[in-house]
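Here are my notes on the model. Please read them with the structure open.

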Amino acid sequence: MIQNLIIIFFFFFLGYIYRKLKIFPENYSKPYVDFIMYVGFPALVINNIYHLKFTSDVFMALLTGWIALILNILFSYKVATLIKLDKKSAISFVMVATFANTGFLGYPFILSLYGSEGLRYAVIFDNLAMFLPIYILAPILISFAKDEKSFKVDLKKLLLFPPFTALLIALSLKPFQLPSIVLKILDMLGSTVIPLILFSVGMNLRFTSIKKDIKIISLVLLIKQILLPLTVLTILLLLGVSLTLPWKVAILQLSMPPMVLASIFVIEANLNKDIAVSSVALGIILSFLTVPLIYYIIENMV
């Protein structure tokens with residue numbers, strides 16, 4: 001495990017150092033991100049979903065993910081009101097305390113800790129229990145923050161998002177036998193994603209207003225990266241659920257740091273940008289401690 005985590009940190013740190021040393025221009029990571037989103041991610045999603053075996057544990061883990069997010073929204077909003085945040089800041093708090101970076105960080109962590117089979121479960125959880133919920137729930141939360149009487153879910157944007165489109169394609173292909181050359185191409189393209197993801201995340205890491213909002217950000221990350229996954233784990237154990245690999249991956253995915261897309265929703269809605277951006281940045285750094293901790297608890301203390 002340690003060796004795999006060191007490899008993850010190396011690619012991440014390499015991207016950060018290249019930006020700090022100005023070896024690459026400020027916006028040089030955009031081509032990397034575009035390749036990941038439009039080529040690498042779709043190939044990885046199609047390849048993994050095509051080989052994924054759907055079991056009752058997979059469906060129950062996805063359902064649990066939805067329930068956990070909804071309950072965490074209510075809990076984190078209550079915390080935000082207790083610390084007397086205004087409504088816009090409170091919803092910014094909720095967004096980054098609830099939705100996890102299950103793609104850009106979830107995939108590398110899950111692959112390193114649970115291997116290629118675990119990655120398949122990570123992909124389905126990312127798409128159906130994190131990406132889909134944020135596209136449905138974020139507009140509701142934002143309309144509440146802005147006291148609007150209606151909200152709009154952009155289904156076109158959801159369906160045309162490359163990884164989600166790839167998921168639908170992969171599901172439609174499952175009944176068919178794909179040629180081995182096609183699977184080989186998908187595997188090769190998908191294998192480029194993990195190092196490029198980590199490198200681009202490192203290049204795009206920014207720290208703003210962390211000192212000013214450190215107490216709020218600390219609460220966000222405590223809820224997001226510790227309380228949420230451990231609460232779900234505790235409830236599953238109390239219910240006597242056998243923690244098969246789909247369950248373990250789901251819990252670890254819930255422990256990932258705040259989702260970049262959540263911060264984008266916050267910024268576009270003119271809510272509290274500082275809380276969102278700083279939570280994402282600091283959460284990424286702390287994830288190299290918190291994710292292994294949650295993994296250790298799952299594997300050794302249950």
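1. Helices here are DSSP runs (H or I, at least four residues), numbered from the N terminus.

2. The basis of these notes: this is a predicted model, in which local features need pLDDT of at least 70, side-chain atom pairs count only at pLDDT 80 or more, and totals for chains, interfaces and linings use all residues. Residues are numbered from 1 along each chain as its sequence is written, and side-chain values use heavy atoms, with hydrogens and water left out.

3. Look at Tyr114. There α5 bends by about 135°, taken as the angle between axes fitted to the seven residues ending there and the seven starting there. Just after α5, Asp147 has a positive phi of about 55°.

4. α5 is mostly covered, with 31 of its 40 residues buried. Buried means under 20% relative accessible area, exposed over 50%, and partly exposed in between (1.4 Å probe, protein chains only).

5. Tyr107 lies in α5. It is buried, at 1% relative accessible area. The C-alpha atoms of Tyr107 and Ala122 are 6.4 Å apart, although 15 residues separate the two in sequence. Beyond its neighbours within four places, Tyr107 contacts Ala122 and, among others, Phe41, Leu119, Asp126 and Ile194. Contact means heavy atoms within 4.5 Å.

6. The largest nonpolar core has 105 residues. Such a core is a set of buried Ala, Val, Leu, Ile, Met, Phe, Trp, Tyr and Cys residues joined through side-chain atoms within 4.5 Å. Phe93, Met95, Phe99, Tyr107, Ile134 and Leu252 touch the most other members. Helix α5 (residues 106–145) gives the largest share of this core, 22 residues. Leaving out residues up to four places away, Ile134 touches Phe99, Pro139, Met259, Leu261, Ala262 and Phe265.

7. Helix α4 (residues 87–98) spans 16 Å over 12 residues, close to the 16 Å expected. Of these, 10 are buried, so α4 is largely enclosed by the rest of the structure. Phe93 and Met95 are among the buried residues of α4. Those buried residues pack against α3, α5, α10 (214–238), α12 (260–268) and α13 (273–300).

8. The model has 16 aromatic pairs. Rings of Phe, Tyr and Trp (its six-membered ring) pair if their centres lie within 6.5 Å; planes under 30 degrees apart count as stacked, over 60 as edge-to-face and the rest as tilted. Tyr18 and Phe199 pair edge-to-face, at 5.6 Å between centres and 70° between planes. Tyr18 lies in helix α1 (residues 2–20) and Phe199 in helix α9 (residues 193–203), so the pair ties together parts 181 residues apart in sequence. Tyr18 is partly exposed at 26%, whereas Phe199 is buried at 8%.

9. Tyr77 and Phe144 are also edge-to-face, at 5.6 Å and 75°. This pair joins helix α3 (residues 56–82) to α5, so parts 67 residues apart in sequence are tied together. The charged end of Lys87 sits over the Phe144 ring, 4.4 Å from its centre. That label needs NZ of Lys or CZ of Arg within 6 Å of the ring centre and within 35 degrees of the ring normal.

10. Check one more group: ring pairs link Phe9, Phe12, Phe13, Phe109 and Phe288 into a cluster.

Definitions and conventions:
Helix = DSSP H or I, 4+ residues; strand = E, 2+ residues; numbered from the N terminus. Expected span 1.5 Å × (residues − 1).
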